[in-house]
Amino acid sequence: ADNDNHHETDDRRLVSMMYDRPSCNIDVESQSCLDNATPLSSLIELAEASGSSSSRVIVPCNTCAYVDITDGSTITLPAGLDIVGRLSFPSTANLILSTQSIFIQGILDMVKPNMGNKVTVSLYGEEEDAYFYPHDACDGGYDVACGARANVGKKPIVIAGGKLNINAWDPSCPSW
């Protein structure tokens with residue numbers, strides 16, 4: 001039967017493919033990487049400086065970054081966030097992160113925010129699908145000609161080869 005939500009051009013290969021962490025991530029789990037981490041705000045500025053509204057904010061391979069936004073402001077990343085290296089949300093983070101997509105190929109760490117701080121992730125966008133570009137298979141680029149590129153739909157959070165470490169809730173709170 002036809003499904004109005006399915007298009008012949010949909011490419012949902014991501015579901016059936018196996019992804020490894022990018023081979024260039026040799027130091028992202030070390031303390032020295034975290035000690036020398038780059039502020040996320042500087043990576044956002046770098047993407048904005050490219051002058052293109054389609055510039056995805058990228059945490060580069062084998063790079064550690066930390067969220068340095070502490071004033072509760074809303075940070076909008078219209079072209080998405082691709083964590084190829086490692087991004088840490090320290091307890092001092094306090095922001096609303098608004099974006100169309102999040103890709104985790106490396107590591108995303110989050111700890112419980114300090115009292116009075118809050119981290120909110122808000123996904124938006126219904127206009128166009130997001131595409132995942134596996135770092136190694138696409139030679140670290142975002143070329144639409146990359147044969148490994150995968151359509152992941154609208155408002156995705158994709159963990160492909162990466163790790164998501166969230167320790168942001170009171171461990172005494174019951175969960176299922």
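Close-up 1. Tyrosine 142 comes out as partly exposed, at 30% relative accessibility. Here buried means under 20% relative accessible area, exposed over 50%, and partly exposed in between (1.4 Å probe, protein chains only). Tyrosine 133, on the other hand, is buried, with a relative accessible area of 7%. A quick note on what you're looking at: this is a predicted model, where local features need pLDDT of at least 70, side-chain atom pairs count only at pLDDT 80 or more, and totals for chains, interfaces and linings use all residues. Residues are numbered from 1 along each chain as its sequence is written, and side-chain values use heavy atoms, with hydrogens and water left out.

How do the two rings sit? A pair of aromatic rings is described by the distance of the centres and the angle of the planes. The structure holds 3 aromatic pairs. The centres of tyrosine 133 and tyrosine 142 are 5.4 Å apart and their planes are at 65°, so this pair is edge-to-face. For the cut-offs, rings of Phe, Tyr and Trp (its six-membered ring) pair if their centres lie within 6.5 Å; planes under 30 degrees apart count as stacked, over 60 as edge-to-face and the rest as tilted.

Close-up 2. Tyr19, Phe103 and Phe132 make up one aromatic cluster. Over at tyrosine 131, arginine 149 lies over the ring face, 3.8 Å from the ring centre. The rule for that one: NZ of Lys or CZ of Arg within 6 Å of the ring centre and within 35 degrees of the ring normal.

**Close-up 3. Glutamate 29 with two partners.** Which side chain does glutamate 29 meet in a salt bridge at 2.8 Å, N to O? That would be arginine 21. A salt bridge is a side-chain nitrogen of Lys or Arg within 4 Å of a carboxyl oxygen of Asp or Glu, and by this rule the count comes to 5. Glutamate 29 is partly exposed at 48% relative accessible area, and arginine 21 is partly exposed too, at 26%. Lysine 163 also bridges to glutamate 29, at 3.2 Å, N to O. Lysine 163 lies in strand β14 (residues 163-167) and glutamate 29 in the segment before α1 (31-35), so the pair ties together parts that are 134 residues apart in sequence. Helices (H or I, at least four residues) and strands (E, at least two) are DSSP runs, numbered from the N terminus. Lysine 163 is partly exposed as well, with a relative accessible area of 31%.

**Close-up 4. A loop-to-loop bridge.** Glutamate 126 and lysine 155 meet through their side chains in a salt bridge, at 3.0 Å, N to O. Glutamate 126 lies in the loop between β10 (119-123) and β11 (130-132), and lysine 155 in the loop between β12 (150-153) and β13 (157-159), so this pair ties together parts 29 residues apart in sequence. Lysine 155 is partly exposed at 34% relative accessibility. Back at the previous view, salt bridges that share partners join Arg21, Glu29 and Lys163 into one network.

Close-up 5. The chain has 2 helices and 14 strands, and buried residues make up 38% of its 176 residues. Its average pLDDT (the predictor's confidence in each residue, from 0 to 100) is 88, and 86% of the residues score at least 70.
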